[in-house]
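Trainee: Pick one spot in this model and take me through it closely, please. After that, tell me how the rest of the chain looks from there.

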Amino acid sequence: MSAFDYRNFDDRRQNSQNAKAALLAKFKARPPADDPQVIAKAKARAEIAKAREERSREREAARIAAERQAAEEKRQREEAELAAQLAREAAELAAAQERKSAELAAKKAQRDARYAARKAKVKTKR
């Protein structure tokens, strides 16, 4: 438990009044709004805020430009990959067609050889 507080109600009320009086005195001691120092400080704060906003806009513009550049690079990379894939597929297709035509030629040669062998066999029998 906390220590017993020996102050009474009057002490607390007096402290409260003193605190309120100090706040009022502090408020009244402020310079008026048309004081040159107050105007200069307000102007400085406005310039700082304006500069901060300008830097923020510049950062945002730089971020957008970087995103656009990254998107363009990605698009170009994807196009290059697609072109490479199409070229690979075309080469595979050409190789497959070449193999197929070679197989057909080999089969035709075998067929022709069998036919010629049959013809030669028939000629030798006569």
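Mentor: Let's start with Glu67, whose side chain makes a polar contact with the side chain of Arg63, at 2.6 Å. A polar contact here is a pair of N or O atoms within 3.5 Å; within protein, one must be able to donate a hydrogen and the other to accept it, and residues adjacent in sequence count only if both atoms are side-chain atoms. Bear in mind that this is a predicted model: local features need pLDDT of at least 70, side-chain atom pairs need 80 or more, and totals for chains, interfaces and linings use all residues. Residues are numbered from 1 along each chain as its sequence is written, and side-chain values use heavy atoms, with hydrogens and water left out.

Glu67 sits in helix α2 (helices are DSSP runs of H or I, at least four residues, and strands are runs of E, at least two, numbered from the N terminus). An α-helix has 3.6 residues a turn, so residues three or four places apart point the same way. Glu67 counts as partly exposed because its relative accessibility is 46%; buried means under 20%, exposed over 50%, and partly exposed in between, with a 1.4 Å probe and protein chains only. Looking along the chain, Arg55 is twelve residues from Glu67, and their C-alpha atoms are separated by 18 Å.

Helix α2 covers residues 36-125, and Ala113 belongs to it too. Ala113 also counts as partly exposed, because it comes out at 46% relative accessibility. Now jump to Asn8: 105 residues in sequence and 129 Å, C-alpha to C-alpha, lie between it and Ala113. Asn8 caps the N-terminal end of α1, with a side-chain oxygen 3.3 Å from the backbone nitrogen of Asp10.

Zooming out, the protein has two helices and zero strands. Its C-alpha trace spans about 150 × 55 × 10 Å along the principal axes. As for burial, 0% of the 126 residues count as buried.
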